[in-house]
Amino acid sequence: MIRSATPEDLSALFELEETAFSHDRISRRNFRHILNGANAATFVASDRQGLCGYVTVLFRSGTRLGRIYSLAVARRCRGRGLGRKLLAAAEAACRERDCRALRLEVHPRNARARRLYKQAGYSVFGRYDKYYENGADAVRMEKPLAPRRSYRRRS
């Protein structure tokens, strides 16, 4: 099940962040800010055992771009297609805000994530040198998004 995150998810989000990433983690304070902010959307996947994954997408005023800030799936939940479903939720949120594209950064050695993004239609458009805390570069990827369909009433 994919749903919008709420402030009640804060502890579970922070716990997943701590186990999913070895560096460049989102702090509890930043998660709180993201969950209460108007310029972000976070979606979570859960099962009977708890939180399985999340995606956070940021929106910047004055642009028609969304940016995936973070996406993580718990080890115990991998292989269920949750990454793909969370990505689809982020894309839907971008379309609702009339974004023309969704961008992200990914570690060059994260083959699993890069494969997911490529299969979902993202392509490499650049690189950030020394992007991560440990000095690693980041690969920049983007997916163009079709505009939201608008229906006109017939007179």
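Visitor: What makes you place Lys143 where you do?

Guide: Lys143 sits in strand β7, residues 138-144. Helices (H or I, at least four residues) and strands (E, at least two) are DSSP runs, numbered from the N terminus. Do bear in mind that this is a predicted model, where local features need pLDDT of at least 70 and side-chain atom pairs count only at pLDDT 80 or more, while totals for chains, interfaces and linings use all residues. Residues are numbered from 1 along each chain as its sequence is written, and side-chain values use heavy atoms, with hydrogens and water left out.

Visitor: Is Lys143 called buried or exposed, and why?

Guide: Its relative accessible area is 15%. Buried means under 20%, exposed over 50%, and partly exposed in between (1.4 Å probe, protein chains only), so Lys143 is buried.

Visitor: What joins the side chains of Lys143 and Glu91?

Guide: A polar contact of 3.1 Å. The term covers a pair of N or O atoms within 3.5 Å; within protein, one must be able to donate a hydrogen and the other to accept it, and residues adjacent in sequence count only if both atoms are side-chain atoms.

Visitor: Which residues is Lys143 in contact with, leaving aside its neighbours within four places in sequence?

Guide: Taking contact as heavy atoms within 4.5 Å, the list is Glu91, Arg100, Ala101, Leu102, Ala120, Gly121 and Tyr122.

Visitor: In what order do the strands form the sheet?

Guide: The 7 strands make an open sheet that reads β1-β2-β3-β4-β5-β7-β6, with mixed pairing. Two strands pair if DSSP finds at least two bridges between them. At the edges stand β1 (2-4) and β6 (123-128); each has a single partner strand, so one side of each lacks a neighbour in the sheet. From one strand to the next, the twist averages 30 degrees.

Visitor: How do you know that β3 pairs with β2 and with β4?

Guide: Count the bridges! There are 8 between β2 and β3, which run antiparallel, and 7 between β3 (residues 50-59) and β4 (residues 65-73), also antiparallel. At β2, Ala40 stands opposite Leu58, and a hairpin of 2 linking residues leads from β2 to β3. Towards β4, Gly53 faces Val73, Tyr54 has Ala72 as its bridge partner, and Val55 has Leu71. That pair of strands forms a hairpin too, with 5 residues between them, and Gly62 in the turn has a positive phi of about 85 degrees.

Visitor: In what sense do β4 and β5 pair?

Guide: They are parallel, over 4 bridges; Ile68, for one, stands opposite Leu104.

Visitor: What makes β3 and β4 count as covered or open?

Guide: In β3, 8 of the 10 residues are buried, and the strand is mostly covered. In β4 it is 7 of 9, so that strand is largely enclosed by the rest of the structure.

Visitor: What lies across β2, β3 and β4?

Guide: Helix α2 (residues 28-36) does, running at about 105 degrees to β2 (40-47). Axes are lines fitted to C-alpha atoms, for helices over the stretch in contact, and angles run from 0 to 180 degrees between N-to-C directions.

Visitor: What makes Asp24 and Asp98 worth a look?

Guide: Most residues other than glycine have a negative phi. Asp24, however, has a positive value near 55 degrees, and Asp98 has one of about 60 degrees. Asp24 lies in the loop between α1 and α2, while Asp98 is in the loop between α3 and β5.

Visitor: Why are Asp24 and Asp98 classed as they are?

Guide: With 29% relative accessible area, Asp24 is partly exposed, and at 32% Asp98 is partly exposed as well.

Visitor: Which element gives the most to the lining of the largest pocket?

Guide: That is β4, with 7 residues. The elements giving two or more residues also include α1 (10-20), α3 (82-96), β5 (101-106) and α4 (111-119).
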